[in-house]
Amino acid sequence: MSSIAPDSGPPTVVRDATPADLPAMAEIYDDQVRTSLATFDTEPRGAAYLGEKLATTGGGNIVLVAWADGDLLGYAFSGPFRPRPAYDGTKEVSVYLAEGARGRGLGRTLYAALLARLDAAADVHTQVAVIALPNDASVALHLACGFERVGVLREVGHKFGRYVDTAWYQRMPSQN
Ligand SMILES: CC(C)(COP(=O)(O)OP(=O)(O)OC[C@H]1O[C@@H](n2cnc3c(N)ncnc32)[C@H](O)[C@@H]1OP(=O)(O)O)[C@@H](O)C(=O)NCCC(=O)NCCS
């Protein structure tokens, strides 16, 4: 567990998620499902979906949460990139913050904690992030955390009545 002091406001605690965090995590995620292109889910998933991620933590599969003053501010996670065994050293990462917690460094704080854990995990080689465009904040966050854009898939998503591109970002060991 670690405690950080943001520029203003109550102290923020970043720690591994537990089952008790799931309802608040689902609130943040399902708000994005309903209102944003940040996820290609189109129907709210509830706590059970995030519980599946918690149930498979260990090694390079990590779920972190950030709390301050009784409020869940956000969470970040790493998990399998694709199910085939040859991909085991590759982790997909993402991060979701409550609306009021954005734009004041918390994304960087959560990712710094997550990436430090991944760098220390013996079986993790590289990380991938998939960003639906446009998402200036997410692009800036990933670039700031050592990811490089490796390509764009055109119109692979369809949400809110339009096709959406995804940008693929990757962080290699040499960028750690
Ligand atoms: C994307 C998200 C996690 C970023 O976290 P954040 O706490 O707002 O970002 P930070 O304050 O840590 O800023 C990280 C970097 O992004 C930049 N940034 C933040 N918001 C930005 C914005 N709206 N436009 C452009 N740049 C932005 C910051 O300047 C900073 O860069 P720097 O360190 O080089 O100055 C957050 O906005 C969020 O949860 N968005 C909704 C969900 C989402 O899109 N998740 C990502 C799915 S791929």
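## Annotation and basis of the model

The UniProt annotation "domain: N-acetyltransferase", from an unreviewed entry, covers residues 12–173; UniProt positions are given in the numbering used here, feature names are shortened, and annotations may be inferred rather than shown by experiment. The end C-alpha atoms of this span lie 29 Å apart, and residues 12–173 are 30% helix and 36% strand.

The model is predicted: local features need pLDDT of at least 70, side-chain atom pairs count only at pLDDT 80 or more, and totals for chains, interfaces and linings use all residues. Residues are numbered from 1 along each chain as its sequence is written, and side-chain values use heavy atoms, with hydrogens and water left out.

## Overall architecture

The protein contains 4 helices and 8 strands. Both kinds of element are DSSP runs numbered from the N terminus, with helices (H or I) of at least four residues and strands (E) of at least two. Read from the N terminus, their order is β-β-α-α-β-β-β-α-β-α-β-β. The radius of gyration is 16 Å, close to the 16 Å that the globule rule gives for 176 residues, so the protein is as compact as a globular protein of that length. This radius is taken over C-alpha atoms, and the globule rule is 2.2 Å times the number of residues to the power 0.38.

Along the principal axes, the C-alpha trace spans about 40 × 40 × 30 Å. Of the 176 residues, 43% count as buried. Buried means under 20% relative accessible area, exposed means over 50%, and partly exposed lies in between (1.4 Å probe, protein chains only).

## Aromatic residues

A search of the whole structure finds 7 aromatic pairs. The ring centres of Y75 and F77 are 6.1 Å apart and their planes are at 20 degrees, so this pair is stacked. Rings of Phe, Tyr and Trp (its six-membered ring) pair if their centres lie within 6.5 Å; planes under 30 degrees apart count as stacked, over 60 as edge-to-face and the rest as tilted.

Y75 and F77 are both buried. Together with Y29, Y49 and Y96, these residues form one aromatic cluster.

## The ligand and its surroundings

The ligand is surrounded by 22 residues, of which the closest are G103, G105, G107, R108 and N135. A residue is near a molecule if one of its heavy atoms lies within 4 Å of it.

A backbone N or O atom of V95 lies 2.8 Å from a nitrogen atom of the ligand. For G103, a backbone N or O atom is 2.7 Å from a ligand oxygen atom, and a polar backbone atom of G107 is 2.8 Å from an oxygen atom of the ligand. The protein covers 72% of the 920 Å² of accessible area that the ligand has on its own; accessible areas come from the Shrake-Rupley method with a 1.4 Å probe, and for residues only the protein chains shown count as cover.

## Backbone exceptions

Most residues other than glycine have a negative phi, and most peptide bonds are trans. A cis peptide bond, with omega of about 0 degrees, joins L133 and P134. P134 is placed in the loop between strand 6 (126–132) and helix 4 (136–144).

D69, which is not a glycine, has a positive phi of about 55 degrees. This residue is in the loop between strand 3 (62–68) and strand 4 (71–80), and D69 counts as exposed at 64% relative accessibility. F160 also has a positive phi, near 55 degrees. F160 lies in the loop between strand 7 (148–159) and strand 8 (162–171) and, at 48% relative accessibility, counts as partly exposed.

Terms used. Polar contact = N/O pair within 3.5 Å; in protein donor to acceptor, adjacent residues only side chain to side chain.
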